[in-house]
Amino acid sequence: MTILVTGGAGYIGSHTCLALLEAGHDVIVADNLSNSNFNNLERVQQIAQKKIVFYKIDVTDELKLGSIFENHTIDGVIHFAGFKAVGESVEKPIAYYYNNLVSTLILAKICIEYNVEKFVFSSSATVYGENKSPFLEMMTLLPTTNPYGETKAMCERILMDIVKANPSLSVSILRYFNPVGAHESGLIGEVPNGIPNNLMPYITQVARGELSNLSVFGNDFPTFDGTGVRDYIHVCDLAEGHVAALDKLRTGVHTYNLGTGIGTSVIQLIEVFEKVTGEKIPYQIVSRRAGDIAECYADVKKAKEELRWTAKRSIADMCRDAWHFEKSRQDNYNY
Ligand code: WQD
């Protein structure tokens, strides 16, 4: 199939484009490169030995997005494009609501106009809010602590209403847990803007000496060692989950957790990283970060049963691949 991937130059998007190409699909990417680098797509094409058609456009630009559908026969879309920094969303709510909601509305509108009926949406476990883990897809969503999470919950509801009015559409909503790691080649991976907010890229930069030590945000959570527990999933497993969701699409809206179902604490992640890489990660315990919940991990039965997909890679694989990419990007790409 020919798949339009919005935000395909990004961290998860580029890994998904690679998985799509390797599964035999043709890929078109629409990305404004506001939070990504075209080099990622050059390296995806290098790994896959297949071409990607690229358009540098903003997905909220209806005319330019429509012209892609005018010039290509598109069988389905995967919608990643959107702002995704939790902290930033609290400071810039208008930008987040506008960009994340309008891009989804315009993409869905054009899909309907061009009879493109396969739609995979990038959502997040953040939408579960203060629910208790393990998170189940049928749980009632609770308010999140930030506009980013709210935009994802709102887009889910928007898509449900659109499908009610257009029952021939097939929509798969994928709720990611904590994507980490990188493709084993070390050619693509996560390149945060500035000082990383997320744990794994912070750890890899401490390991490389870019940052001096890690602040562990609290060890007084009601978890087995007091530090935050998360469901880390290898970005390549996540990418393969998108291919599975696309292949298994059927009419209506279907929501899936993409996680491992395993909770790992901050201290545990540090220990595995040190063991796998031989690098020491100095850290100090500091106060909790606003908005952090104690535990967030998935119930993964539904994706296993309906998508025939489960995450295969271990925490050790994630640490190894994240470290390999961090070293490669310094040695070879200087970015
Ligand atoms: C993981 C754990 C922190 C940094 C966020 C978004 C979520 C999704 C993934 C988009 C927590 C602890 C972290 C550090 C630390 N993004 N930590 N020191 O917050 O679970 O999820 O990213 O979809 O929407 O909320 O990920 O990596 O920031 O934190 O101790 O310097 O590591 O407290 O327990 P999080 P994270």
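**Close-up 1. Helix 7 is largely enclosed by the rest of the structure, because 9 of its 9 residues are buried.** Helix 7 spans residues 199-207. Buried means under 20% relative accessible area, exposed over 50%, partly exposed in between (1.4 Å probe, protein chains only). Among the buried residues are Leu199, Tyr202 and Gln205. Gly209 follows helix 7 and has a positive phi, near 90°. Helices (H or I, at least four residues) and strands (E, at least two) are DSSP runs, numbered from the N terminus. This is a predicted model, in which local features need pLDDT of at least 70, side-chain atom pairs count only at pLDDT 80 or more, and totals for chains, interfaces and linings use all residues. Residues are numbered from 1 along each chain as its sequence is written, and side-chain values use heavy atoms, without hydrogens and water.

Close-up 2. Strands pair if DSSP finds at least two bridges between them. Strand 2 and strand 3 are joined by 3 bridges. Ala30 has Tyr55 of strand 3 as its bridge partner.

**Close-up 3. The largest nonpolar core holds 37 residues.** Such a core is a set of buried Ala, Val, Leu, Ile, Met, Phe, Trp, Tyr and Cys residues joined through side-chain atoms within 4.5 Å. Val5, Leu20, Val27 and Ile52 touch the most other members. Helix 8 gives the largest share, 8 residues. Beyond four places in sequence, the contacts of Val5 (heavy atoms within 4.5 Å) include Cys17, Leu20, Ile78 and Phe80. A second, separate core has 26 residues, including Val59 and Phe119.

**Close-up 4. Phe38 and Phe54 form a tilted aromatic pair.** Rings of Phe, Tyr and Trp (its six-membered ring) pair if their centres lie within 6.5 Å; planes under 30 degrees apart count as stacked, over 60 as edge-to-face and the rest as tilted. Here the centres are 4.9 Å apart and the planes at 50°. Phe38 lies in helix 2 and Phe54 in strand 3, so the pair ties together parts 16 residues apart in sequence.

**Close-up 5. Tyr128, Phe135 and Phe177 form one aromatic cluster.** Phe135 and Phe177 are both buried. Arg175 lies over the face of Tyr128, 4.9 Å from the ring centre. For this, NZ of Lys or CZ of Arg must be within 6 Å of the ring centre and within 35 degrees of the ring normal.
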